[in-house]
Amino acid sequence: MRRLPTDRSDRIRAVGRSALSAVLLVSVVVSLLVAGVSGPVLASGPASAANAPTGVQETDTPSDEAVFDDPEELEALVDDLIGEEMAKHDVPGATVAVVEGDETVLVKGYGEADIETGEPVRANETAFMIGSVGKLVTWTAVMQGVEDGTLDLDEDVNTYLEDSEVEISDTYDEPVTLRHLGTHTAGFDTRLNPGMVENPDEVTSLETALVETQPDRVSPPGEEPRYSNWGTMLAGHVVAEAHDTTFEQYVHSEIFEPLEMDHSTFAQPVPDDQPGELAAPHMPTADGVERDDRVYINWRPAGSMSATATDMATFMSAHLGDGAAGDARILEPETAETMHDVHHERHPALTDWRYGFYEYGPPEDDLIAHSGGTVHETTKLVLAPEEDVGVFVSYNVRNEEALPEDAVGDVLAAYDLTSEPTASEDSTESTDGDERALERAETVDGEYELSMVPDDGPEQALGVVTRLSIDATDDGRLESHTLGFDEQEWVETEPYVYQEVDGDDVLVAEVDGGTVEAVHLNSAPMATFDPVATHERTAVVGATVGAALAGFALSILGWIGLAAWRGWRRYRTQASGDVNGSPGGEADATTTSAIRGRLESRFRSRSWLARAAGVALCVVSLAFVGLFLAAFGTAGELAFVTMPLALRVALALPPFVAALAVATAVGTALAWYDGYWSRRGRIHQTALAVLGVAFTWQLFQLGLLGL
């Protein structure tokens with residue numbers, strides 16, 4: 001069965017924890033400082049009784065022209081797909097909804113909502129945290145405001161913030177609008193932590209959260225997608241301000257109540273009197289999976305929603321039904337049509353942004369979707385408006401090898417709701433041999449960084465793992481990879497438009513005056529890839545950092561070896577003196593006095609301080625890398641969200657590295673001026689100073705050292 005290709009945005013997050021460890025270890029010797037992060041691959045035996053389907057199944061009798069003309073066949077397919085994923089990747093529980101128009105064809109729970117209690121997942125009772133899929137409710141609320149005239153998609157959002165402490169700066173001439181927010185083109189810098197807190201008492205008002213975490217504007221509005229949780233929270237706050245209520249109260253009364261989504265809420269924590277039960281949080285371990293402590297999402301409009309599969313089935317039907325499900329209407333048909341129209345176009349060959357939804361798969365498939373992920377859950381929702389079909393899958397564990405999107409894609413492919421790949425190795429559409437095609441391929445050749453990566457701060461270092469390296473081949477094709485993973489081959493179908501060989505993806509290079517301004521991927525609607533300057537490329541960073549770390553490690557080993565050799569020589573000298581009849585007590589006294597004299601002399605000597613700075617530079621630099629590796633080895637891609645102790649300590653060290661590098665450089669200058677040590681010793685100290693300055697510069701380039 002052909003599987004719909006995973007979004008590049010999801011694939012980037014799923015490079016693999018083993019990749020992180022491998023790349024970081026290599027960096028100690030020859031390569032990078034940081035690498036990719038995600039969950040481990042977990043294997044288990046056949047699906048157990050705990051993974052058996054539970055809950056409610058609705059199988060309305062379909063019409064003769066229905067896509068799902070045999071509900072039992074659909075159920076068997078979903079049972080197999082979910083059962084396989086749960087067994088293969090130790091997914092504790094899953095919940096699924098499939099709708100066709102106003103009919104719920106299938107809602108079903110699988111496995112356990114809580115592995116400690118054995119409580120089964122019930123599709124109509126067990127709510128899952130659905131992460132960013134809840135953004136679709138936020139954007140629906142915005143469109144309700146547009147419909148009643150309270151909001152305007154093209155008005156400066158500051159217009160709606162006059163009574164709020166939140167204010168968007170005038171960094172650029174063009175103001176930020178709700179249209180920009182709904183297409184993630186407002187140009188805000190990325191924040192990796194969407195307001196996740198461990199203590200429910202730390203949950204604040206949206207206004208407070210917005211003010212305390214407001215990012216910089218780093219690109220003009222409307223130019224490029226730069227996925228923003230903060231921007232979605234801002235949209236939710238605008239809804240609340242415009243209607244003089246809280247965001248949670250508004251969506252409850254205007255969306256959840258009309259649709260009878262009784263088990264859905266954005267409230268954090270979920271109220272005790274909320275109907276149903278909330279699935280427990282789980283995390284993968286080396287031995288399988290275990291229950292974890294719950295976290296709370298302070299940026300509620302961006303991802304705090306919890307809902308049952310039954311509720312999400314109704315929500316999907318409402319969007320497939322031009323704003324209505326059954327007798328309940330939340331949007332007028334014209335408003336729903338506007339929401340589902342394209343609001344930001346990248347290129348005719350690429351997926352675009354509707355309002356809140358992004359297009360999914362090949363553009364001709366007309367699929368719209370959204371994915372969601374929290375610390376402990378992952379979710380996917382896809383609508384096929386032309387066929388009136390919606391599919392929703394959610395897991396109560398975050399394991400980057402177990403993606404709900406895989407199951408959704410297989411369901412869509414099984415019912416021919418996705419198209420086949422269009423380019424192959426022997427494709428006749430290639431411009432192979434065309435001299436101009438070769439020139440275009442060489443123009444695109446280079447390295448590109450994902451725009452979703454923060455522009456400032458230590459999180460900027462993660463940009464290395466998302467970089468897309470593109471190489472031109474002799475026949476005018478392109479080869480691309482991300483840190484050696486996701487290798488793809490591309491054939492040109494029209495100038496600067498490339499189709500993936502044996503795949504569905506499309507790459508488009510935006511070229512102006514012979515220079516690539518950006519690279520877009522069909523499978524990455526949430527961001528663009530911007531060119532990386534030559535001095536910031538991975539090879540340069542890797543070589544510089546690798547050489548520095550190798551030099552530091554060899555220096556420490558050399559000093560240890562030298563100290564051991566000198567100690568052995570002193571021991572042999574003393575032993576020789578004892579053999580020749582020197583009084584032991586007198587020899588001991590002489591040796592002790594000599595050692596004391598040497599130490600006192602060294603502490604008074606600038607040469608000792610210069611050497612100490614070099615030693616400390618090596619030790620602190622290697623400690624930084626070790627702690628950084630340990631933090632991501634244990635916390636994975638969520639390290640910058642959960643901030644484990646190892647990472648907090650690691651991030652405190654770069655200023656010390658910089659200070660020690662300067663001290664080592666000053667000591668080197670004094671060593672040559674005053675003639676410290678041997679010539680070989682001074683050359684070694686000079687090499688340390690150069691490596692220290694180079695390493696410090698790369699820490700600054702990667703955002704790990706703020707100056």
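How many helices and strands does the secondary structure of the protein chain come to? The chain comes to 21 helices and 25 strands, where helices (H or I, at least four residues) and strands (E, at least two) are DSSP runs numbered from the N terminus.

The model is predicted, so local features need pLDDT of at least 70 and side-chain atom pairs count only at pLDDT 80 or more, while totals for chains, interfaces and linings use all residues. Residues are numbered from 1 along each chain as its sequence is written, and side-chain values use heavy atoms, with hydrogens and water left out.

**The whole chain**

Display the entire protein chain. Of its 707 residues, 54% are buried; buried means under 20% relative accessible area, exposed over 50%, and partly exposed in between (1.4 Å probe, protein chains only). Contact means heavy atoms within 4.5 Å. Among contacts between residues at least 6 apart in sequence, 69% join residues at least 24 apart.

**The nonpolar cores**

Select Leu-178, Leu-181, Leu-234 and Met-312. In the largest nonpolar core, which has 65 residues, these four touch the most other members. A nonpolar core is a set of buried Ala, Val, Leu, Ile, Met, Phe, Trp, Tyr and Cys residues joined through side-chain atoms within 4.5 Å. A second, separate core has 55 residues, including Tyr-110, Tyr-227, Val-393 and Tyr-415.

Return to Leu-178 and show its surroundings. Beyond its neighbours within four places in sequence, Leu-178 contacts residues including Val-142, Leu-153, Tyr-160, Val-238 and Tyr-355.

Next, select residues 126–129, which form strand 5. An open sheet of 3 strands runs in the order 7-5-11 with mixed pairing. Its edge strands, strand 7 (277–278) and strand 11 (306–307), each pair on one side only. Two strands pair if DSSP finds at least two bridges between them. Strands 5 and 7 run parallel and are joined by 2 bridges; Ala-127 has Leu-278 of strand 7 as its bridge partner.

**A buried asparagine**

Move to Asn-298, in the loop between strand 10 (296–297) and helix 9 (300–303). Asn-298 counts as buried because its relative accessibility is 7%. Residues up to four places away aside, its contacts include Pro-194, Glu-202, Thr-204 and Ala-209.

**A hairpin**

Finally, select strand 19 (residues 468–472) and strand 20, which pair in the antiparallel sense over 4 bridges. Asp-471 stands opposite Glu-479 in strand 20. The two strands form a hairpin with 5 residues between them, and Gly-476 in the turn has a positive phi of about 85°. On strand 20 (residues 478–482), Leu-478, Ser-480 and Thr-482 make up the covered face, whereas Glu-479 and His-481 make up the uncovered one. In a regular strand the side chains alternate between the two faces of the sheet.
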